[in-house]
Amino acid sequence: MKKNVWSSVVMVVLVFSLILAGCGGNSANNGNTGNTTPTPDATNEGTGAEGSTDDGDTIKVGILHSLSGTMAISEVSVKDAELMAINEINAAGGVLGKQIEVVIEDGASDWPTFAEKARKLLQQDQVATVFGGWTSASRKAMLPVFEELNGLLWYPVQYEGLESSPNIFYTGATTNQQIVPAVEWLLENRGKKFFLLGSDYVFPRTANKIIKAQLEASGGETVAEEYTPLGHTDYSTVISKIKEAKPDVVFNTLNGDSNVAFFKQLKDAGISADDLTTLSVSVAEEEIRGIGTDVLEGHLAAWNYYQTTDTPENEKFVAAYKAAYGEDRVTADPIEAGYIAVYLWAAAVEKAGTTDVDKVREAADGIEFNAPEGKVTIDGETQHIYKKVLIGEVQADGMFKTLHSTEEPVKPDPYLKGYEWASGLAEQ
Amino acid sequence: MELTAKASLQKKILLTSVYSIVVLFLLLAPTFLSDFRLSLLAKFLAFAIVAIGLDLIWGYSGILSLGHGVFFGLGAYCMGMFLKLEATGGKLPDFMSWSGLSEIPWFWKPFAHAWFALPAGILIPAALAFILGFFTFRNRIRGVYFTILTQALVIIVTTLFIGQQQYTGGTNGITGYQTIFGFSLSNQSTKTVLYLVTVVLLVAVFILCQRLVRSRSGRVLRAVRDAENRARFIGYNPSSYQLFVFCVSAGIAGLAGMLFVLHVGIISPTTMGIVPSIEIVLWVALGGRGTLIGAVIGAVLVNAAKSGLSETYPDSWLFFLGALFVIVVVFMPRGLVGLFNDIVGKLKPRMQTIMQAKGSKMKKAGSNG
């Protein structure tokens, strides 16, 4: 008898919470700003959702990163940087004289969820723009939604190129701003025999396809190409293959936890950075913290920004980030790219005088910003940004020492049109 | 005797009218839900279909499959391939050219035709279920061992799909669809039609499964579930019944997968992985195993909670969801429908005594409770 009364109570509570949750999107606003206005649950006929309601006192923007799941460890930091930029802009008076209001959504490291939440932000919340994504898979999942609803996405991570959507601005590096110059530098300074190692998904596969074409054209040699599943942690076979192939360089496009396993086992096998050059494109300050500096010291990475980048803007940025989120936090390339994305969008909106997507896109061309990494400029044609390329070496304190930097920011070339050897790669 | 017959008739009428109201509500949903909520509901209903499929095998034949994500995913990929080829107009899909293919592989080609792709979305999962079921049920592999096998199937298939990037799109999956039969997928009226198709298919699958479990085969299935050896001694061959229902269940999952792709616009290996496969079981458990309607309720409620909670508490929604699951499993082992039946069972005699005391006037209302 008693048990049944209990379970009835539980059921009532449960059903209520489910109903509340189900209606949550309608009645509750999830911004972290306290003064949210209720969202009218507007039915948009057809494709009427332009995502640009700039009437009212605030401008709504969305942040869509994985806050749970395997990618959360990387993406939460980017979300933090984007929030910081928004708070800074709000403190300085906002955009077009209006405060920016944030709607945060969790992509949950699941690509269909990214698509669902992107649709929610554009149709339900009618945000002016969205900052979000990390993996190429999440971007590819969101892309059709943004194109269908004519939304605007700012994507902050280096990626494999061969893409240019009118509805996406790419603030991370494309291949000619990271991988191609890194290979050039390695050929000049470290040797010609390359061992390509990557996680088995689209970024490493595409990157290695480009590297192979480049090596062939410039007298290098690919001695082996190895892929391991995402999350793979046993690298003894790969390491013995490396020992056998005796490459000059291991070009590492592993992602996430696999890096921890690979570098630890490489060290255990008695191979240090002095014996073998490795260059990674997905290992930044944040990952070094996780892997351990003792294991990574002396290894190389190619990025467009390091926490040690010496500009007055970066000094301020690092100090503000640590003040906001804790002394032990570090900044890294994607974190910075997320931060500047907010500023670039705000500048484009100011220039356009509206948050209308088409007008913002038009206004964005040529916008310059003194970013922590140095001056960046939006290239209107590709919707990527000009960036300096840096080759860095991991130091004992977990920071990078810049070994090489391009003089000027490099023009983005996502389809590698400027490289003769790449002519066969980008055919659509 | 006459009284119970009358009561069961009344119960039947009541149930039918409740079901009709729910279906009517679903059919009218496009008129009062926003576009975004409608697309969410459409997705939930697709999930409800796969949940019915799982309930059919788990609830009525006692075989727990943790591999329904695979059948769901295979159906989804069939639809995805069809839509992708329609989007590219028969040319090479974008991810294939990145991965170094210069020609559409032979097994992709038939998927350009709806008459092949759409039936394939049901038949391929069913065929895979047949192969797996044929070797396991006949060899009397059951219980935990069968469940482990289905998990292994999930791992094999997802690894295969991730590894064969040039054919499957790898981790990214297949996305970027434009049209179906020439109608733009981004058009709201197309979406409404697809939603209504989903509602109709859900009702059809539900009725089909209800017929099935009430038929003689359904009774044999339950007999096998409760006492396999006894059923065998009576002269039934349990494995053929189990195999049949496993194939039907997988085909239903494939159908749900096809609808999922239409509403969500992407299919990737994560959607067919271990976690989604277990989630399907959770929906059925939460709604009430072995009731069919419980599977529908569970799938819709859990997914609504998932979407709603993650929108309201993007940082901590998983804790709430986890707590819900724990509460349900601990306090309601027979799910929401089981609990509902308990309460009705408790109230009914009480109501009847009250009714008798109050006289004939209220009699009708009392028996409805």
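I take rings of Phe, Tyr and Trp (its six-membered ring) as a pair if their centres lie within 6.5 Å, calling planes under 30 degrees apart stacked, over 60 edge-to-face and the rest tilted. On that basis I find 38 aromatic pairs over all chains of the structure.

I note that this is a predicted model, in which local features need pLDDT of at least 70 and side-chain atom pairs count only at pLDDT 80 or more. Side-chain values use heavy atoms, with hydrogens and water left out, and I number residues from 1 along each chain as its sequence is written.

I looked up Tyr155(A) and Tyr170(A), whose pair is edge-to-face, with 6.4 Å centre to centre and 80° between the planes. Because Tyr155(A) belongs to strand S4 (residues 153-155) and Tyr170(A) to strand S5 (residues 168-170) of chain A, this pair ties together parts 15 residues apart in sequence; strands (E, at least two residues) and helices (H or I, at least four) are DSSP runs numbered from the N terminus. Both tyrosines, Tyr155(A) and Tyr170(A), are buried, that is, under 20% relative accessible area, where exposed is over 50% and partly exposed lies in between (1.4 Å probe, protein chains only).

Next I checked Tyr306(A) and Phe400(A), which are stacked at 4.4 Å centre to centre with 25° between the planes. Tyr306(A) sits in the loop between strand S10 (300-303) and helix H11 (312-325), and Phe400(A) in strand S15 (residues 400-405), 94 residues apart.

Finally, I found the charged end of Arg139(A) over the ring of Tyr155(A), 4.7 Å from its centre, the criterion being NZ of Lys or CZ of Arg within 6 Å of the ring centre and within 35 degrees of the ring normal.

Definitions and conventions:
Chains are lettered from A and ligands numbered from 1 in the order in which they are written.
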